[in-house]
Amino acid sequence: HALRQQRDCETHLAEYSKQACALALPYVDHVWPGDFLTQAFTGLPHQGQQAFDCITFLDVLEHAADPSAWLVRARALLAPDGVMVASIPNVGHWGVIADLLEGRWDYCPVGIHCITHLRFFTEQGVQELFAQAGYTIEQCERVPVPCPPQWQQHWAQTPDLQVNPTSWD
């Protein structure tokens with residue numbers, strides 16, 4: 001909705017949930033209910049092939065049984081100079097590491113431990129996923145939640161442990 005207002009652009013929502021589609025109707029130009037992987041995009045030229053300038057997967061791919069298939073499908077729908085914007089939680093976050101070191105993995109209704117997540121990604125895993133689907137990552141922005149310095153120092157000094165401290169935040 002904000003993008004539509006700020007950029008005066010046409011917006012579409014592909015969404016499986018009928019309830020979410022109904023809620024979105026006043027805020028987007030077109031709603032495509034049903035499975036994104038099989039959506040026909042009836043009414044768009046070439047059933048949506050190369051029709052979209054930008055496709056967003058905002059906290060979506062971790063819920064997909066086959067996120068690679070979603071990226072491949074989206075690539076076919078993108079215009080030749082189109083872009084993908086994605087937001088994906090980092091399972092390598094220090095909070096998850098701390099939980100695992102304590103022998104815990106407590107599922108929650110939201111967040112990294114969301115009970116509906118089917119896939120879990122680190123930054124390296126995200127890069128591999130996108131590369132395998134034929135994308136080039138031009139920009140990666142993080143939303144940092146810094147690791148406590150004493151934990152970071154301890155993990156970085158653990159003998160024979162290969163660490164990537166930037167991924168913890």
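These notebook entries record what I looked up in a predicted model of one protein chain.

**Entry 1. Confidence**

I began with the confidence of the prediction. The mean pLDDT of the protein chain is 93, and 100% of its residues reach 70 or more. I then asked which element has the lowest confidence and which the highest. Helix H7 (residues 165-168) is lowest, at a mean of 84, and helix H3 (residues 67-77) is highest, at 97.

**Entry 2. Salt bridges**

I searched the whole structure for salt bridges and found 3. Side chains of opposite charge can pair when their charged atoms come close. I took the pairs in turn.

The side chains of Asp 29 and Arg 4 form a salt bridge, with 3.7 Å from N to O. Asp 29 lies in the loop between helix H2 (18-24) and strand E2 (30-33), and Arg 4 lies in helix H1 (residues 2-7), so this pair ties together parts that are 25 residues apart in sequence. The limit for a salt bridge is 4 Å, so I count the pair at 3.7 Å. I looked up the exposure of both partners. Asp 29 is partly exposed, at a relative accessible area of 42%. Arg 4 is partly exposed as well, at 24%.

Glu 123 and Arg 142 form a salt bridge in which the closest N and O atoms are 2.6 Å apart. Glu 123 is in helix H5 (residues 123-132) and Arg 142 is in the loop between H5 and helix H6 (149-156), so the pair links parts 19 residues apart in sequence. Glu 123 counts as partly exposed because its relative accessibility is 22%, and the cut-off for buried is under 20%. Arg 142 is partly exposed at 48%, given that exposed means over 50%.

Asp 106 forms a salt bridge with Arg 104, and their closest N and O atoms are 2.0 Å apart. I recorded Asp 106 as partly exposed, with a relative accessible area of 35%. Arg 104 is partly exposed, with 40%.

**Entry 3. Cysteines**

How many disulfides does the structure hold? The structure holds 0. Cys 21 is in no disulfide, and the nearest cysteine sulfur, that of Cys 9, is 19 Å away. Cys 21 is buried, with a relative accessible area of 6%. Cys 114 is in no disulfide either; the nearest cysteine sulfur belongs to Cys 108 and is 8.4 Å away. A disulfide needs the two sulfur atoms within 2.5 Å, so the 8.4 Å between the sulfurs of Cys 114 and Cys 108 excludes that pair. Cys 114 is buried, with a relative accessible area of 5%.

**Entry 4. Helix H4**

I asked which residues of helix H4 (residues 94-101) are buried. They are Trp 94, Val 96 and Ala 98. I next looked for what covers these buried residues, and the cover includes H6 and H7. H7 is also the helix in which confidence is lowest, at a mean of 84. Just after H4, Gly 103 takes a positive phi of about 80°.

**Entry 5. A nonpolar patch**

Leu 58, Val 83 and Val 85 make a nonpolar surface patch of about 230 Å². I located Val 85 in strand E4 (residues 78-87). Val 85 counts as partly exposed, because its relative accessibility is 38%.

Terms used:
Residues numbered from 1 in each chain as written. Heavy atoms only, no water. Patch = residues over 30% accessible without salt bridge, like charges linked within 9 Å, V, L, I, M, F, W, Y side chains within 5 Å. Areas by Shrake-Rupley, 256 points an atom, 1.4 Å probe, with all protein chains shown as cover. Helix = DSSP H or I, 4+ residues; strand = E, 2+ residues; numbered from the N terminus. Buried < 20%, exposed > 50% of the residue type's maximum accessible area, 1.4 Å probe, protein only. pLDDT = per-residue confidence, 0-100. Contact = heavy atoms within 4.5 Å.
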